Structure formats: C-alpha cells, structure tokens
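I opened my notebook to look at how parts of this chain pack together. My notes follow the order in which I looked things up.

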Amino acid sequence: MPDGWQWDSTLFRGSAAYYERGRLPYAPGFDETLATALGLDGRGRLLDVGCGPGTVTLALARFFAETVGMDPDEDMLAEAERRAGRRGVTDVRWVPARAEDLPAGLGEFRVVVFAQSFHWTERDRVAATVLRMLEPGGAFVHISDFKDRPAEPAPLPLPEPPYARIAELVRRYLGPVRRAGRGTLVNGTPGREDLVLARAGFGDFERHVVPAGEVVDRGADDIVAYVFSRSDSAPHLFGDRLGEFERDLRAVLRQASADGGFAEHLPPTEIMTWRKPDGAR
C-alpha cells in the first residue's frame, strides 16, 4: 500500500458518474490481445478486482463462462450495472468488497485482473491470496496505460488539454501534496509489480503492449469529467468550494482553447500476466 497512507471509503467518492465521459478508453483490441495471450475460450471464471464502473469487466466477460466484478465503492458498482444493462451483458455478478477481503467466498478463477487498481492494495497480502484463488495455470493480469510511450506520431489538430495548469489549480485548492481520500500520498503510489508477484510465487511472466495513438477529440465537459474522475481531485475533496473550483477549472480550459475543443493521442495499453505455477497451492 502507498507509504504512510491508509485506505478509506472516500477514495473515489463522487467520481463514478464522471468515469465513462472523463477517462480515455484502453487501446482498441486490448481485450482480444489478452484473450489470445491467455488462450481464453469461453470457459472458466474471471474476477476483476477494483473494477470501478466495469470498463474491463464488460470488455472481457464474453471470454468466460462466469464473471465477477468487485469494488469497494457501491456507486462504482451501480454505474457498472447500468453500463452492463445498456450493453445487454447479464452474466456478471457485482460484489462490494476490497481486495483485502479476498477470498470472500468467491471460489476459484481462471483469471484475476487488476486494471489500474493493484497499487491501492496491500499488494503482498493480496497477491498471495490471489495465487491461492487461481486454478492451476491460472493468470494474474495487470492492465494499465503504457507509461514509456514513444513520441507522439503527429501534431494534434486541436490544443492538448492543459493538464499542467489543471494540476496547479488542484494544488491551489487542495494543497501541495496529492490527496487520496481523507489522506495524502507523499511518495505517490508504488510500482514494481514484478517484484511483488515474484515474492508471492508467480512465474511465467509475459508483457504485451497494445498500440494506439489515435487522435481523440475532447470537449471542455470531457476534461472536467476527467478531473472529477480522479482520486486526487474527486468532487468531495473540494467541500463547499466545489462550484468555485469548477468555475476556475472551466476558465483555465477557456484560456487554453477559446472554443472549448481539445485533442489528445490515445495511449497504448500495457498488459502484464503472471501464471500460477504447477503444484502451487
């Protein structure tokens, strides 16, 4: 878990409604890439831990006989259920729980996924528990935006969102140290998932980078939604200054683009997989 930080239930309070509009999607075909890498064939069970509004859960459900999405934020699960209804996905079970609650009576799985959520957990404890929950040869999967992406392939037709100025504005309202629920992240969130999974007993590591780079048009409302979808600028953190912050945020966006139009390149998606070794319990 991040140094000096304790999880609390306000981490993403109020953010669920902004996720679908605010967050960029994963690279097209990331689900097919994972299915090919793991030889998924419609059998077995999937567990998506920290599923949020079901982005990855719903994309992968078709490759399994049964799917479980798990998240401690009930607003996120309600949003996931609404999205599932719109897409006609009915064979997903939504469970309100933290990763630290596992195994939570959920049984055995072929694949357990953490999509940009593992860093919020007690990672050594959770990885060891997941190892026991996987069927023989089952996979632990970590999905995230690819951080070491190459230079962008071409100029953008519209201004990029002014993320540095937005971060400045957030610091002005919430202080110089990144907020996370009721606490702060002095040293950010941890990395080196490879070391954590090795300590837990996983092996057979594979890494896949799904290319992207497509230009995505974004409006001012999309950027506002992105800001409020983040744990360090979730709506509740601003208290009774929320309206004032949004007015200042929209002013920053108008200064960057008079007509409110922005563009950015869709980032590649990184998929890392580890297998449960034969004979592991």
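Predicted model: local features only at pLDDT ≥ 70, side-chain atom pairs only at ≥ 80, totals over all residues.

**Entry: α5 and α7**

Helix α5 covers residues 123-133, and helix α7 covers residues 193-200. They pack at an angle of about 50°, and their axes are 9 Å apart. That angle makes α5 oblique to α7. I noted the crossing of α5 and α7 as right-handed.

Next I listed who touches whom. From α5 come Arg-123, Asp-124, Ala-127, Ala-128 and Leu-131. From α7 come Glu-193, Val-196, Arg-199 and Ala-200. By class, this contact of α5 with α7 has five nonpolar residues, four charged ones and no polar ones.

**Entry: α6 and α9**

I then turned to helix α6 (residues 163-174) and helix α9 (residues 242-256). Their axes lie 10 Å apart, at an angle of about 160°. Angles over 145 degrees count as roughly antiparallel, so α6 is roughly antiparallel to α9. The crossing of α6 and α9 is right-handed.

On the α6 side I found Arg-165, Ile-166, Leu-169, Val-170, Arg-172 and Tyr-173. They meet residues of α9, including Phe-245, Leu-249, Val-252 and Leu-253. I sorted the contact of α6 with α9 by class: nine nonpolar, one polar and four charged residues.

**Entry: α8**

How many of the 10 residues of helix α8 are buried? I looked up residues 220-229 and found that nine are, so α8 is largely enclosed by the rest of the structure. Among the buried ones are Ile-223, Val-224, Tyr-226 and Phe-228. Asp-222 and Ser-229 are buried in α8 too.

What covers the buried residues of α8? My list includes helices α1 (16-22), α6 and α9. It also includes strands β9 (215-219) and β10 (261-265).

**Entry: aromatic rings**

Last, I checked the rings. The structure holds 16 aromatic pairs. I picked Phe-140 and Trp-274, whose ring centres are 5.9 Å apart. Their planes stand at 80°, so the pair is edge-to-face. Phe-140 sits in strand β5 (residues 134-145), and Trp-274 sits in strand β11 (residues 269-275). The two are 134 residues apart, so I wrote that the pair links distant parts of the chain.

Are these two residues buried or exposed? Phe-140 has 0% relative accessibility and counts as buried. Trp-274, at 3%, counts as buried as well. I also found both in one aromatic cluster with Phe-114, Phe-118, Phe-202 and Phe-205.

Note on methods:
Residues numbered from 1 in each chain as written. Heavy atoms only, no water. Axes fitted to C-alpha atoms, helices over the stretch in contact; angles between N-to-C directions. Helix = DSSP H or I, 4+ residues; strand = E, 2+ residues; numbered from the N terminus. Parallel < 35°, antiparallel > 145°, perpendicular 65-115°, else oblique. Left-handed = near helix turned anticlockwise from the far one by under 90°. Contact = heavy atoms within 4.5 Å. Nonpolar A, V, L, I, M, F, W, Y, C, P; charged D, E, K, R; others polar. Buried < 20%, exposed > 50% of the residue type's maximum accessible area, 1.4 Å probe, protein only. Phe/Tyr/Trp six-rings, centres within 6.5 Å; stacked < 30°, edge-to-face > 60°.
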